[in-house]
Each structure stands twice: as C-alpha cells, then as structure tokens.
Amino acid sequence: MTVELSLTRDPAHLRHGSNIGQPMTRTDGVLKVTGKARYAADNHPPGMVYAVIATSCIARGRVKSLDVAAAKRHPGVIDVMTPAHKPELAEDPDAKGNPFAFRMELLQSDAVRYANQAIAVVIAETLEAATEGAALLSPRYQVEIARVGLDAGEAYAPPVVGIGNPAEVRHGDIDAGMAAAAKLTDATYETPAQYHNAMEPHAIVAVWDGDRLFIDTPSQGMGFAQMRVAGLFGIPPANIHINSPFLGGGFGSKGLISGPQVLGIMAAKLIGRPVKLVLRRSQMYGPVGHRPPTRQRIRIGTDDAGTLTVINHEARITTSSFDDFYEPAADASHTLYASPAIRTAHEAVRVDTGTPLFMRAPGEATGSIVLESAIDEAAFARGIDPLEFRLKNYAEVEPTTGKPFSSKALRQCYAKAAERFGWAGRPLLPKQMRDEYGFLVGWGMGTATFPAIMFQGNARAVIRADGRGVMETGAHDMGQGAWTALAQISADSLGLDFDQLTFRSGSSDLPDAGIAGGSGHTATVGAAIHNAGAAVIAKLAELATADQRSPLFGAGNAGVVARSGRLHRRDDDARSESYADILARAGIAELDGTGSGAADAAAQSQYAMHAHGAVFAEVKVDPQLGQIRATRLVGAFAAGRIINPLMVRSQLYGGMIWGLSFALHEEAVMDRRSGRILNANLAEYHVPVNADVPPMDVITVDEHDPHVNPLGIKGVGEIGITGSAGAVANAVFHATGIRVRNFPIKIEEVVMGLAG
Amino acid sequence: MMNFDYVRPANVADAIAAASEKGASYLASGTNLLDLMKGGVSRPSRLVDVTRLPGLDRIERLADGSLRIGTLVRNADLAHDAEFARTYPAVAEALLSGASAQLRNAATVGGNLMQRTRCAYFYDAGSACNRRWPGAGCDALQGENRLHAVLGWSEGCIATHPSDFCVPLVALDAIVEIEGKSGRRELPLEALHRLPGETPERETALERGDLIVALRLPAEAKDFAGHARYVKVRERTSYAFAVVSAAAALRIEHGKIREARLGLGGVAAKPWRAREAEQVLAGAAPDAAVYSEAARAALSDAKPSGDNAFKIELAQRILVRALTLAAAGTPDRIPALPGSPFSSVAGA
C-alpha cells in the first residue's frame, strides 16, 4: 500500500504511508513471549553480587542505630552501606541543579523523610543473604509524628504546578461569571494517592570499569539519567553507558533515575564488583514517585440556557516535606469548555511521603475525573443531557488563551462514540434503567483531552552500500510498542520497505531521544527520525541527480521520490535507481544523516495543540449489595496521525482501563498515624483484573494536523485515562442516583444509599 | 530471608515429630506462608514440607455417606471434581470465588483452613499487633479498619478470617481430622478457629505439631445440594478477598424450610455460623420477610469495630440474597463468575 499524504514542511521526496499507518505487530513480540527479551534484572555479569535495600518503617525522624555487625555476621553478606560507610558523591543529591533533579535519599544522613525510604544497603553473594542481612539490621529510630493526608498542615500556594505552569490562572471576570450564574454547581471531590506499580520493578545492574559505568536499568529517559548520574559521581555523561532495551512499564516512574537505582551504582562502587539491585514490590511505594491525593472544589455556573458562565476549579494537593512536585489537577479545566470566566488554583500541603511525581496523565487524570463529574452535575442540575450540555459549551478556541486549535475533531468523537454506544434515548433521570436480571444500569460520559507535547530528541540515519538502511535513536519502549512505530516511521523516512531497515534503540550510546513521557515520544523521536531520513535521502538524491550516468541525472532534488530502496523521478516513475547502485557508482560505503525533533515554538505560540476524545460507559449496580461492574466502554479519540492503529488501540484500551481503575478500584491506603502504606502489594492495591474489564470499543477519528509537528502526531499514551474515569463515575450516578465524590467509589458509599 | 531448616518427612509420624519443635511450621503450597516469611511476619526456623506425604491427596466417599477430603487436595481439583461440585455446590462455588486460578491450582485444603488474616496491621511489621506480638496492642483498632470484624471481635483484635472455602464448610458442619503427638482426634470446623478474646495470638485450637490430615463433610451435608449458594461482595470481580460473604444451604420440603444452614465470611476472626438465623428459618415458608428476619437475627450481636458499620447492613443484605438464591434452587452449573452478585438475578 502506498498512500501519499500531503504534509506541510515535508520534503517532497518522502512518501509517508507505506509503513506508517499499518497495523504491524510488535517487532519484539516474539522475544517477549518466548522469554528471550532481556530485561534489566535478567542480566548477570561475571562476579555480580546482590544488593538489598533496608527501608525505614517510620515516616519521619532519624535512624538512631543499625546493627551492622549482626548483618555482617550473616553468612554471605559482604558489606553494609550506611551513611557512615559509603562512597562519597561528587554532588549533593539534595541540590536542585534543575527542576527535574528531584531530591533522593542516598544515605547522606540518618534522617528519615518517609516510610519505605532507604536507610542502608546490604550487599551479599546471594539475594537471600542480602535480604536477611537487611532484616538483621534491626534499626532503632527516633520517631517524630508523621504528617499524613490533605489536612496535615498549613496549605500554601506552590510557586508553580506541573512543569512550570502557574499555580493560579484567571481568565475573564470570575466574579461576573459567578454573578451571572443562574445555577451554581459547587462540589468538593477527593482523589486518593496512587502508585505507578509497573509490572517490572525498578532494577539496576551496575558495573564500574575505572571511571566508566555500565548500567542495565529500565529508563524512560536515558539522557536525563546520564546527566544525573554523571553529576552525582563526577564523571562525564559520555562515560555512562545505559542499556535499556525493554521496560516492563514505566508510567512516569522511570522517567527520572530514582534513588534506589543510584544506590545500586553506589554499592557497585563501594565493593568494586558488579551489583544487582531490584526493588521489592512494597519498596516501590515511596522512593519512585506517586500520584498525590487531591481535594478539589469546583464551581460551575450556568445561565438559564445552560451556557457556562464560570468554571472555578481549586485543588489542594500534597507534596513531600522536602521537595516540590505539584500535581496540576485543576489545569484540566483550561481547555475543554467554553466558559467566559475560568479560574484554576492550587494549594499544597507538605506531608511525610516520598515526593509525588509524574504518573500517567499527571494532573489531567486527577483533574479530568473531577471536571467531568462536575460537568455531569451541572448538566443534571439544568436538566440537560450530558452530551448536549457539552456540545452547547463546546470550545471553538482554547478558552483560557483564545488561541485556535491546531486541529480538533472532538465533535466527530462525540458523534461517533455516542452512536456506537447507543446514547440516544438515555433517560435524563438516574435510576431509571434495569437489565433483565434486575440490576441497575447507568450510562455516563466524559470528555478526554491531553496536550500534544514534544520534547527534544535526535536520530541518525544510514544508507549502507547494500542499499539497506539503519536508524539509530536512544528511544524507549515501555512495552507500548514504540520501537515498532518508530521503525515504521524510519522505513518511510528512508524510503525503504520495513524489512530493509535495521532499527537500533534502547542504549544511551545512540543519539539522545529525550524522554518517553508526556505522550510525546512518538511525536518527538518520530520527527527526529523523519528529519534524519530526509537528510540522508537528500544526500543520496544529490549524488544521483548530479551524476550523468544515473537515470535520475538532472531531476533535481525535489524531482525524485524514495520508495522501496530506489529513487524514482517524480515526473517519470519508470526512471529509477536503487540506493545500492547509486552508492556503488559513487564509491561510497555508506551515507549518513542526523535529525532532531522538537516543538515548533512559532506554531505553538499560534495554536493550542491537544488531542481529544469522548468516552461513554455503562455500569451495572447490584440494587441491594451495591457491587458495581462496568459492562461497556466506548471511546472515540482524535489524536492526529495514527502511526500504528494496532498499538494505538492497545494504548487507548490501557488508558481506558486505567480510567476505570481510577473510578472504581485504585487507592493507596495510608495509616493516618504512622504514614505507612497498608496495601503496598498487588493483592490489596487493586487494579482491574480481566474480569473487571468490560467489552471495549475504541474508535480513532481521522485528524490531519498540519501544525503540530511534521508528521501530524499528537500522542495517545495518556489521553485514554481522561474522560474514562469520569464516564464511569457518571454512569454510577446514573445507575443509582448517588453522587459519590470520593474516589475510588467504595461499596459502602453506594450500598448505604440504596434502599436495600 | 532468614535461613531455616527444610525437612521433607516420609510419613505423618515423622512430620509431627519434626513439627513439634519450637519454631517449626508446616509448609504445603506456601501460598500464604511464603508471603508472610518474605515480609518478615513469620520467621519459622524449620519448614516441614508435607506436600509429599502419601495418601493425603484423595477424595474418598466413606461408607457412612460422608466425604473425606485429604488435606493435600488442591483447591482447584476439589472444586472441579464433578461429583463434589454437584453434591456440595456452595462449597465449590466458594472455592472458585477465592484467589486466582493460579493460586487455586497450588493451594491445598488444609492450607486454606490455616491461612492467616489479611489485616494490614498484621502484615505490617512496624505496627502493633497482638497476634504477632501478644500484648503489643492493636493498631487496627484506631486505624484503617473499614474491612474489619463486626462480630466476635475484642479490643485486642478486630481482624477477620479471609477464607471463602470455610464459610459453606462451617455451615455444613464440616469436621477436621487432626493427627498430633497424642494421636488422632476430630474437631468441628467451627471449633478450629478461635475468636480473639484475650488471646488473639491463639488463632486455632491446634497444638504444636498438630497436622490437619483431612476434612470431612458429614452425610447430611448432601441433603442441601438442591438449595445451596455462596455470595461474595468484593472490591473487584475476581482476585479479591470478601468484604462480606454468605453461604446459604436449605432443605426445603413441601414448600417449607425444614432446615437452614448459614455461614458468613469477612465478618469475624472465624468463619461465622449464623445459628440464630437458622432457627428463625426452620419450619418457615421461604419468603423475603423471613429472610430479613433471619438476617437481623444473624447480625443482632454485631457492632462496628471502626469505620465498618456498613458491613452490618451489607451482611444482612447478602444473607437475604444468599437465601433468595438458594431457595430458587442451585443452578445446573457453577456460574462463570462464581460467588459474584453478577452471576445471578439481582433479586427484587
């Protein structure tokens, strides 16, 4: 299939569509299902020993003593790394070199800042010996009272939220909007702390060779990790070789290298042998980030016609006692609904937890479930169908900035998903529908949105003498199939068939591909690949069209098109020459070119860039027992160009399931006195199991975006959560008439409201 | 993990001798014990692996009409034994509503009886727990306790017993066969697990070295096969412990309940037999009013141990549901979502 799509700023000789847009299965799928994919913790270099972290069971205070002697007496224990016995670092891990250098606990003092913090590392010949050594340390503590929860202290206005966003944003006249409201919905919601819980725990195998460091570790951002480790150990970033071919999920928790991973490097340095350190599941609840709890008050005013007059969205969030990450929960209200007055504001409370960090749709997820629930409340208060209410208040331009959208096919998303779901005829009042077995049935909807973000990434492309191509980029595949999608872009950028391409990735020795986050990896690295491929093909075209012996002589650079390893004259497809022949005649072994991808600042200043979607949910509720079960989820998403429909669908499924999880299941339970997490395991930290996941429908709506980036990609990694969580929650209201404002929706909140 | 002795005795007598030492613990599949050891909650100095003991993995129909289930029979094997499922459908449904397929394939009958509470404070080595450390206090009492006990708890412990399997078993008067230093004895299952009282650390009536070798269902347990259900409310559809569960087994003759058997799960430190409720039902016509009356009787002594008053209401409703479903008749096959309210008609 060779569909030619017109793209702005696209070199004339590139033909995107031969590989892009195809539903290719994962290139690494067979490796994974046969167990041949080597994850970080699968590595076992000669002489390797095991390090196990001893963690604090208090949330605040100091370690008074550790029984290092007892640990060392245990057979197999080699050494115990403590604040008194550790390699010196070149840089204070609490120094804030940049806003992304989050403080980490590297045994610099005896202070305890949260439960599950590392207080020592035991190194032993076996995992079992190291584990027992850690238990034998029997720490004694000086305990201070832990600060737990959203009311633990004085709230303050954070300097910024998210990545440099203002904590408070005002658009229009808020007071006037409030005054103009004939009806005001004023509701306060709470969302819980959540932990990323990637299937693969954070792991590292570290090997020092002089001042060179080789590490196997899962990373969503190898360049960032190199910089941080280089600073901490005082060696050049280029001396650090990170191998990260496969990740068993990251969801943001592997975006920045974490304290425990650095402790593994320190342990290797301390004893001069390769060290493996793998976090236990319970140890992932603390030092590797989380989504903080929020309390959000939202006021939505409407006039008599049901038109918005104001959205005033305030969020209280927690952050750690020692660092600054502020979940931008209220920012979800910036872009979706056309209100003449919008205010978003944040306040923060310091608590004794690890620092919260980016977790899949940070801010968007917490804010979306509240905004979409409150919009549902406002529509209900007005007696308007929730879809009609959203269409009535559809934002034609970005409300808070007035910018036009670079593209926005949300109307089509609403229409297609509503039709597929069968939304028409939904009773306005709750508790009207029952199935044939007597279960209460509810239908709810939510709008999905996520910004089209780009970071900075690079790629290098090569055409070899045999006419085959190589694309190199230090990109990250978290399991979502990035390498397959990026290889598809690579093949098109080099005018090659998929099997003529070698795609190299997953190592910091390759061109830095930035960070796999913000749903921006495919857009960023895709653009870099696109430009690198274009650079090589341009060189190749120059060689051929300048050579009298070539059938392409005189065609000019813009006059050729690259396809299946040959350049063709654009005006005469029959005249062509293979890459191999062009290089052979020129006596060149290989041609290479580099490219980078980044957001176009000019386009960004002109346009608001967001992906959108609409999600419809059906739930059933037991009328006496209150148990809830989602029975259908339909989502339609417009996210620019779709590189691989198979993987995009899986990403959206995953996001929608996460949304369902947010509404009904997921919550870290913390003891309000000790600050310890009580369900730090996958048996009791509930995420949906297969039996909880209903039949799902994902529709992708065509969207050609000429502004967002050369390939027109918006990203799909996170948007699926937004909209879905609210849709499920709204469906529960529609089934029961009970508006639960604490998430996840718990059985007692529903059961006590039902008649019995 | 601490170093420990591992022994694999060849017969029951050797096993009992090996397990009679202080610090010894029996190991079957370890689906609970190994987690406890990894978490530092249990630190046995010796594991006595009983999985190879001969003759303990059989399901036998005895001459007196009772059924004897060897302690090493796997949960999945028992639930999928067609005759067993037909004869004791509520037990099979309860088994299949528990844990995950993988765990059920490994877990044994005896191990299920001996599983420990899921109280987070019991698992959290940093918390005070009278079960782990007698006299230490109970951090659950003022802690996160929305899922804790509403029946039979004490100030010393508000934990619940997590088993699904035990709930219909206790309703059906199951008997536990035990081998110990002083020979063989039997206990009603109802007497195996203890309420906490002043001694929460004594979770069962077993003495050191005692080995559960079999579970027996008496002949009359079969008489309930036509009207027996297990219903379990939980926080996700599978792989979750019960918030509250109920087993109901009825003997209905000439339109009257001749005999009712009721068990509740997730409400107490032991699988709870609701005898007062059974008495309310005996002789009554099966209808909603008498179910409600029975449910009220079952929970008449209940009191919240924390943020869990809803469980008292929920337990009554789930008893009514279990009775409604049992009276309607045991389904031909175990539902696709065993124990789930969504496996059946939602009543009214």
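Predicted model: local features only at pLDDT ≥ 70, side-chain atom pairs only at ≥ 80, totals over all residues.
Colleague: Let's start inside chain A. Which residues touch the most other members of the largest nonpolar core?

Modeller: That core has 82 residues. A second, separate core of 44 residues includes A:Met471, A:Ala475, A:Val525 and A:Ile643. Within the largest core, the members that touch the most others are A:Phe616, A:Val619 and A:Ile745.

Colleague: Which residues does A:Phe616 touch, leaving out those up to four places away in sequence?

Modeller: Among them are the aromatic side chains of A:Tyr414, A:Phe421 and A:Trp423. A:Arg632, A:Leu633 and A:Val634 are also touched.

Colleague: Now to the interface. How much area do chain B and chain A bury between them?

Modeller: The size of an interface is often given as the accessible area lost when the parts come together. Here the contact takes 43 residues from chain B and 45 residues from chain A. Carbon and sulfur atoms carry 53% of the buried area, and the total is about 3700 Å².

Colleague: Which three residues supply more than any other three of the area that chain B buries against chain A?

Modeller: Together this trio accounts for 21% of what chain B buries against chain A. The residues are B:Arg236, B:Arg317 and B:Phe342.

Colleague: How many salt bridges does the rule find across the interface of chain B and chain A?

Modeller: One contact across the two chains pairs A:Glu748 with B:Arg146, with the closest N and O atoms 2.6 Å apart. Polar contacts between chain B and chain A come to 24 residue pairs. For salt bridges across this interface, the number is 7.

Colleague: Which element gives the most to the side of chain B that touches chain A?

Modeller: The elements giving two or more residues to that side are α8 (120-123), β9 (228-234) and α13 (309-328) of chain B. By class, the side has 19 nonpolar, 9 polar and 15 charged residues. With 6 residues, the top contributor is α13(B).

Colleague: On to chain B. How many residues apart in sequence are the parts that B:Glu190 and B:Arg275 tie together?

Modeller: The closest N and O atoms of this salt bridge are 2.4 Å apart. B:Glu190 is partly exposed at 24% relative accessibility, and B:Arg275 is partly exposed at 36%. B:Glu190 lies in helix α10 (residues 189-192) of chain B and B:Arg275 in helix α11 (residues 275-281) of chain B, so the separation in sequence is 85 residues.

Notes
Residues numbered from 1 in each chain as written. Chains lettered and ligands numbered in written order. Heavy atoms only, no water. Core = buried A, V, L, I, M, F, W, Y, C linked by side-chain atoms within 4.5 Å. Buried < 20%, exposed > 50% of the residue type's maximum accessible area, 1.4 Å probe, protein only. Contact = heavy atoms within 4.5 Å. Buried area = accessible area lost by both parts, 1.4 Å probe. Salt bridge = Lys/Arg side-chain N within 4 Å of Asp/Glu carboxyl O. Polar contact = N/O pair within 3.5 Å; in protein donor to acceptor, adjacent residues only side chain to side chain. Helix = DSSP H or I, 4+ residues; strand = E, 2+ residues; numbered from the N terminus. Nonpolar A, V, L, I, M, F, W, Y, C, P; charged D, E, K, R; others polar.
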